[in-house]
Amino acid sequence: MTRKQRRLVLIGAAGTVLCLAAGLVLFALRDTIVFFYGPTEIAEKGVAPGTRMRLGGLVEKDSVTRGPGQRVVFSITDSRTAIKVSYDGLLPDLFREGQGVVTEGVFQGAGQFRADSVLAKHDETYMPREVADTLKKQGHWQPDAGTSAPQAAPTPQVTQ
């Protein structure tokens with residue numbers, strides 16, 4: 001075998017190994033690449049209890065109840081399905097009913113979710129893009145009067 005042929009075989013073998021590794025990684029991550037799941041997606045997928053994930057949607061009206069200490073229980077909905085979320089900790093200052101949130105935690109089954117963290121919208125015109133896209137797909141997206149589409153990030157405010 002000549003030097004060029006050995007080099008070509010080595011490069012081909014390395015490329016094959018890299019493609020195989022990338023394929024295995026993508027196969028292993030096929031269900032966790034999504035930023036978050038909505039309540040209806042969780043119900044339709046039949047997610048197993050104990051699964052760690054992100055849950056996003058709107059905080060359901062009249063669902064926020066505060067317990068002892070910093071315990072808060074509320075429901076996240078996408079207007080079709082609601083999942084009850086329990087969270088121990090301080091909520092973001094802008095957390096309100098009817099606003100978009102993304103929570104991260106463990107699905108406990110039977111419409112229950114235990115959150116480790118809660119992310120709320122940043123200002124009057126911001127909603128997480130994933131939440132807005134899900135609401136648009138379901139026909140529930142109603143942008144604010146001055147906004148025609150969801151923004152990817154809040155507009156910086158200059159103060160002097």
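The model is a predicted one.

The largest nonpolar core holds 20 residues, and I42, F74, F95 and F113 touch the most other members. The most comes from β6, which gives 4 residues.

Leaving aside residues up to four places away in sequence, F95 touches V59, V64, F74, V101, V118 and A120.

How many aromatic pairs does the structure hold? There is 1. This pair is formed by F74 and F95, whose ring centres are 4.9 Å apart. The planes of the two rings stand at 65°, and an angle over 60 degrees counts as edge-to-face, so the pair is classed that way. F74 belongs to strand β3, while F95 sits in the loop between β4 and β5, so the pair ties together parts that are 21 residues apart in sequence. Buried means under 20% relative accessible area. F74 has 0% relative accessibility and therefore counts as buried. F95, with a relative accessible area of 9%, is buried too.

Helix α3 covers residues 129–137, and its buried residues are V131, A132, T134 and L135. On which side of the helix do they lie? They cover an arc of only 160° around the axis, so they are on the same side of α3. The buried residues of α3 pack against β1 and β5. Just after this helix, G139 takes a positive phi of about 80°.

Strand β4 contains S86. This serine has a relative accessible area of 10%, so S86 is buried. Not counting residues up to four places away in sequence, S86 touches R71, V72 and V73, and also F113, R114 and A115.

The charged side chains form 5 salt bridges in the structure. One of them joins E44 and R80, with the closest N and O atoms 3.7 Å apart. This pair links distant parts of the chain, as E44 is in helix α2 (residues 39–45) and R80 is in the loop between β3 and β4, 36 residues apart. E44 is exposed at a relative accessible area of 62%, and R80 counts as exposed at 55%.

A salt bridge also connects D116 with R52, at 2.6 Å from N to O. Here strand β6 provides D116 and strand β1 provides R52, and the two residues are 64 residues apart. D116 is partly exposed at 39% relative accessibility, and R52 is partly exposed with a relative accessible area of 45%.

D88 and R71 meet in a further salt bridge, 3.1 Å from N to O. D88 is in strand β4 and R71 in strand β3, so this pair ties together parts that are 17 residues apart in sequence. D88 counts as exposed at 52% relative accessibility, whereas R71 counts as partly exposed at 31%. Through shared partners, salt bridges join R52, R54, E104 and D116 into one network.

Notes:
Residues are numbered from 1 along each chain as its sequence is written. This is a predicted model: local features need pLDDT of at least 70, side-chain atom pairs count only at pLDDT 80 or more; totals for chains, interfaces and linings use all residues. Side-chain values use heavy atoms; hydrogens and water are left out. A nonpolar core is a set of buried Ala, Val, Leu, Ile, Met, Phe, Trp, Tyr and Cys residues joined through side-chain atoms within 4.5 Å. Buried means under 20% relative accessible area, exposed over 50%, partly exposed in between (1.4 Å probe, protein chains only). Contact means heavy atoms within 4.5 Å. Rings of Phe, Tyr and Trp (its six-membered ring) pair if their centres lie within 6.5 Å; planes under 30 degrees apart count as stacked, over 60 as edge-to-face and the rest as tilted. The arc is that of the directions from the helix axis to the C-beta atoms. A salt bridge is a side-chain nitrogen of Lys or Arg within 4 Å of a carboxyl oxygen of Asp or Glu.
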